[in-house]
Every structure is written in C-alpha cells, then in structure tokens.
Amino acid sequence: MKAVFLALFLAASPALAIDVPSGQPVELQEVLVDDVGGQTWLRFRFVAPEIARDGGSIDNEAAAPDMMHLCASVALPYITQYDLDGQIIVVSLADRVTEFGVPDPDATQFFEAFRADGDTCIWEGL
C-alpha cells in the first residue's frame with residue numbers, strides 16, 4: 001500500500017482528554033491524510049492507555065462506542081474546520097503513542113472505519 005501522509009497536528013494547543021462513553025482517558029495523537037488505492041482516508045489516531053492488554057480495563061467491545069463517539073464528536077468537526085475531503089474515516093486507539101506504519105508488537109491497537117453521512121458516522125468495518 002503506497003501512502004502519502006499529511007500530518008495535521010494540534011501542536012498549538014496542549015493535548016486535552018476527550019470525554020468518551022466508557023469514561024476512559026483519550027487524547028488525540030495526530031490526524032493523517034492518506035491515499036489508499038485512489039481513495040482518501042482520514043486517519044484520526046488517539047491514545048487510550050486503558051486498552052492495554054496488560055493492566056488495561058477497556059476491551060474492544062467496550063471501546064467500540066468510544067470510537068463511534070470520537071468519529072462524530074472529534075473527526076467530523078475537525079474535517080469541517082480544516083476543509084478536508086475523504087471517503088473513509090479511520091479512528092484508531094492505541095495504548096501508547098506509536099509511529100504510523102511502524103510495527104509495535106507491544107502496543108494494543110483498535111481500528112474502526114467509518115464514512116460520513118452529513119453529521120453522522122456510518123460504520124464501515126475493516
């Protein structure tokens with residue numbers, strides 16, 4: 001998969017915890033714009049330490065509503081604010097900061113894909 005990246009960091013403001021349904025602490029790590037097979041994927045990468053397989057309290061099932069919430073409450077407004085256009089929105093959670101595209105076997109990561117339909121995120125599944 002050939003990817004072209006444009007990182008849009010929120011460097012001007014400190015990382016802020018984002019409220020999610022599970023109550024776990026979640027922070028936006030970065031937003032990437034990625035070309036995948038001729039489609040534009042907008043990747044919203046979050047850090048969520050509570051998903052860690054060793055010592056974490058949130059499993060994939062409990063994190064699913066969080067990911068839907070992050071798509072609707074963070075990704076969609078961000079896309080509008082920065083006038084981004086993409087066919088797929090990927091929301092990922094990692095238990096630690098990771099570098100995109102670099103394997104980290106110690107990291108726990110969850111991914112979900114969505115498409116925007118107005119102000120709603122529709123689950124696409126990966």
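Biologist: I'm looking at T108 in this model. Which backbone nitrogen lies 3.1 Å from a polar atom of the T108 side chain?

Modeller: The backbone nitrogen of R53. Keep in mind that this is a predicted model. T108 itself is in the loop between β4 and β5.

Biologist: Is T108 buried or exposed?

Modeller: The general idea is to check the relative accessibility against a cut-off: buried means under 20%. T108 comes out at 7%, so it counts as buried.

Biologist: And which residues is T108 in contact with, if I skip its neighbours within four places in sequence?

Modeller: You'll find I51, A52 and R53, plus L93, A94 and D95.

Biologist: Let me step back, then. How many helices and strands does the chain have?

Modeller: There is 1 helix, along with 6 strands. Follow the sequence and you read β-β-β-α-β-β-β. Of the 126 residues in the chain, 40% are buried.

Biologist: How should I think about the inside of a protein?

Modeller: In soluble globular proteins, nonpolar side chains tend to be buried together. In this model, the largest nonpolar core has 28 residues. Those with the most contacts inside that core are F44, F46, L70, I89, V91 and L93.

Biologist: Which elements each supply at least two residues of this core?

Modeller: Strands β2 (27-36), β3 (39-47), β4 (88-94) and β5 (109-117) do, and so does helix α1 (60-81). The helix α1 gives the most, with 9 residues. There's also another core apart from that one, with 5 residues, including V36, W41, I88 and V90.

Biologist: Let me zoom in on V91. What is V91 in contact with, beyond its neighbours within four places in sequence?

Modeller: Quite a list: F44, F46, M67, L70, C71, F110, F111, E112 and F114.

Biologist: Why is the disulfide of C71 and C121 called left-handed?

Modeller: Look at the torsion about the S-S bond: the value is about -85°, so this disulfide is left-handed. The pair links distant parts of the chain, with C71 in helix α1 and C121 in strand β6 (residues 120-123), 50 residues apart. Both cysteines, C71 and C121, are buried.

Biologist: Now the rings. How many aromatic pairs does a search of the whole structure find?

Modeller: It finds 2. To read one, look at the distance between ring centres and the angle between the planes; an angle over 60 degrees counts as edge-to-face. F44 and Y78 form an edge-to-face pair, 5.5 Å centre to centre with 90° between the planes. F44 sits in strand β3 and Y78 in helix α1, so this pair ties together parts that are 34 residues apart in sequence.

Biologist: Are F44 and Y78 buried or exposed?

Modeller: F44 has 0% relative accessibility and counts as buried. Y78, at 5%, counts as buried too.

Biologist: What kind of pair do Y78 and Y82 form?

Modeller: A tilted one, at 4.5 Å centre to centre and 35° between the planes. Y82 counts as partly exposed, with 38% relative accessibility. Ring pairs link F44, Y78 and Y82 into a cluster.

Biologist: Where is D83, and what is its phi?

Modeller: D83 has its place in the loop between α1 and β4. Its phi is positive, about 50°, although D83 is not a glycine. At 70% relative accessibility, D83 counts as exposed.

Note on methods. Residues are numbered from 1 along each chain as its sequence is written. This is a predicted model: local features need pLDDT of at least 70, side-chain atom pairs count only at pLDDT 80 or more; totals for chains, interfaces and linings use all residues. Side-chain values use heavy atoms; hydrogens and water are left out. A nonpolar core is a set of buried Ala, Val, Leu, Ile, Met, Phe, Trp, Tyr and Cys residues joined through side-chain atoms within 4.5 Å. Buried means under 20% relative accessible area, exposed over 50%, partly exposed in between (1.4 Å probe, protein chains only). Helices (H or I, at least four residues) and strands (E, at least two) are DSSP runs, numbered from the N terminus. Contact means heavy atoms within 4.5 Å. A polar contact is a pair of N or O atoms within 3.5 Å; within protein, one must be able to donate a hydrogen and the other to accept it, and residues adjacent in sequence count only if both atoms are side-chain atoms. Rings of Phe, Tyr and Trp (its six-membered ring) pair if their centres lie within 6.5 Å; planes under 30 degrees apart count as stacked, over 60 as edge-to-face and the rest as tilted. A disulfide is a pair of cysteine sulfur atoms within 2.5 Å.
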